[in-house]
Amino acid sequence: MATKDKPAAKGRNFDLRQLEYFCAIARTGSFTAAAEEMGVAQPSLSEQVGKLEGALGAALFERSHRRVSLTPLG
C-alpha cells in the first residue's frame, strides 16, 4: 500500500534467481567467481544483477576491476 512517505513498489519485480546471484557475488566478492559457482555465464549474471538493482532503484555493489563490495543497501 502506498503512503505519502512510502510509494508503492511499482516496477520492483525480481526473482529468486536474482537474489541467489546477489548472495553468490556477496559471498565470493567477484562476479566471475559467482558465475562459476552458479554455473552461468558472467554476462548473464551481471545482467540479472543489473535488473535487480534497477528494480530496487539503487546499486547493491561497489565495483572495482578485481573485487566488488556491498553498498550500504547491499
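In the predicted model, the buried residues of helix α3 are Leu 45, Gln 48, Val 49, Leu 52, Glu 53 and Ala 55. Viewed down the axis of α3, these buried residues fall within an arc of 160 degrees, so they line one face of the helix. The face of α3 turned away from this buried side carries Pro 43 and Gly 54, both exposed. The buried residues of α3 pack against two helices, α1 and α2, and against the strand β1.

The length of α3 was compared with the value expected at 1.5 Å a residue. The helix has 15 residues, and the distance from its first C-alpha to its last is 21 Å, close to the expected 21 Å. After α3 comes Gly 57, which has a positive phi, near 80 degrees.

Helix α1 was examined in the same terms. Buried positions in α1 are Gln 18, Tyr 21, Phe 22, Ala 24, Ile 25 and Thr 28. Because these residues cover an arc of only 165 degrees around the axis, they lie on the same side of α1. Leu 16 and Arg 27 are exposed and sit on the face of α1 turned away from its buried side.

The buried residues of α1 pack against α2 (31-38), α3 (42-56), β1 (61-63) and β2 (68-70).

At its start, a side-chain oxygen of Asp 15 comes within 3.2 Å of the backbone nitrogen of Arg 17. Just after the helix, Gly 29 adopts a positive phi of about 75 degrees.

For the chain as a whole, the secondary structure consists of three helices and two strands, arranged along the sequence in the pattern α-α-α-β-β. The chain has 74 residues, of which 28% count as buried. Among contacts in the chain with a separation of 6 or more, 43% are accounted for by residues 24 or more positions apart. The chain exposes about 5,200 Å², and carbon and sulfur atoms supply 54% of this area.

Conventions: Residues are numbered from 1 along each chain as its sequence is written. This is a predicted model: local features need pLDDT of at least 70, side-chain atom pairs count only at pLDDT 80 or more; totals for chains, interfaces and linings use all residues. Side-chain values use heavy atoms; hydrogens and water are left out. Buried means under 20% relative accessible area, exposed over 50%, partly exposed in between (1.4 Å probe, protein chains only). Helices (H or I, at least four residues) and strands (E, at least two) are DSSP runs, numbered from the N terminus. The arc is that of the directions from the helix axis to the C-beta atoms. Contact means heavy atoms within 4.5 Å. A polar contact is a pair of N or O atoms within 3.5 Å; within protein, one must be able to donate a hydrogen and the other to accept it, and residues adjacent in sequence count only if both atoms are side-chain atoms. The expected span of a helix is 1.5 Å times one less than its number of residues. Accessible areas come from the Shrake-Rupley method with a 1.4 Å probe; for residues, only the protein chains shown count as cover.
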